[in-house]
Amino acid sequence: MPQSVVTRKGQTTIPKEIRDLLKLKANDRLLYLVEDDRVVLKAIHGDILDFRGSVSSEERPANFEKIRETTRKRVSKKIVEVG
């Protein structure tokens, strides 16, 4: 079973076989899902720009807070569904 050590700064190295399994590359992000007494890691591939144009603004001027909130919800849903 893969293991790693936590440094004094709270850092750790993800074992290569886990990085390969999650298809992690440099600068990818991880989502930590806490479930009772365990933590599940989900890889987040890409960035917010992947969702450019997915939220239309019918208001003029655009309500950017509303657009940001809608985008956050869609990103979160995609991460949970796709991983």
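Predicted model: local features only at pLDDT ≥ 70, side-chain atom pairs only at ≥ 80, totals over all residues.
Residues are numbered from 1 along each chain as its sequence is written, and side-chain values use heavy atoms, with hydrogens and water left out. Local features need pLDDT of at least 70 and side-chain atom pairs count only at pLDDT 80 or more, while totals for chains, interfaces and linings use all residues.

A search of the whole structure finds four salt bridges, meaning a side-chain nitrogen of Lys or Arg within 4 Å of a carboxyl oxygen of Asp or Glu. I will take three.

Two of them belong to helix H2, residues 64-82 (a DSSP run of H or I, at least four residues; strands are runs of E, at least two). Arg68 pairs with Glu65, with the closest N and O atoms 2.8 Å apart. The two are three residues apart, about one helical turn. Arg68 is partly exposed at 42% and Glu65 is exposed at 54%; these are relative accessible areas, with buried under 20%, exposed over 50% and partly exposed in between, for a 1.4 Å probe and protein chains only.

Glu69 and Arg72 have the closest N and O atoms 3.9 Å apart, and they too sit three residues apart in helix H2. Both are partly exposed, Glu69 at 36% and Arg72 at 48%.

Arg38 is exposed at 51%, and Glu35 is partly exposed at 33%.

Now the pocket. Strands S1 (29-35) and S2 (38-44) each supply at least two residues to the lining of the second largest pocket. A pocket here is an open set of points on a 1 Å grid over the protein atoms alone, where a 1.4 Å probe fits, with protein on both sides within 12 Å along at least five of seven lines; lining residues have an atom within 4 Å of a point. Of its 15 lining residues, those nearest the centre are Ser4, Thr12, Ile14, Pro15 and Leu41.
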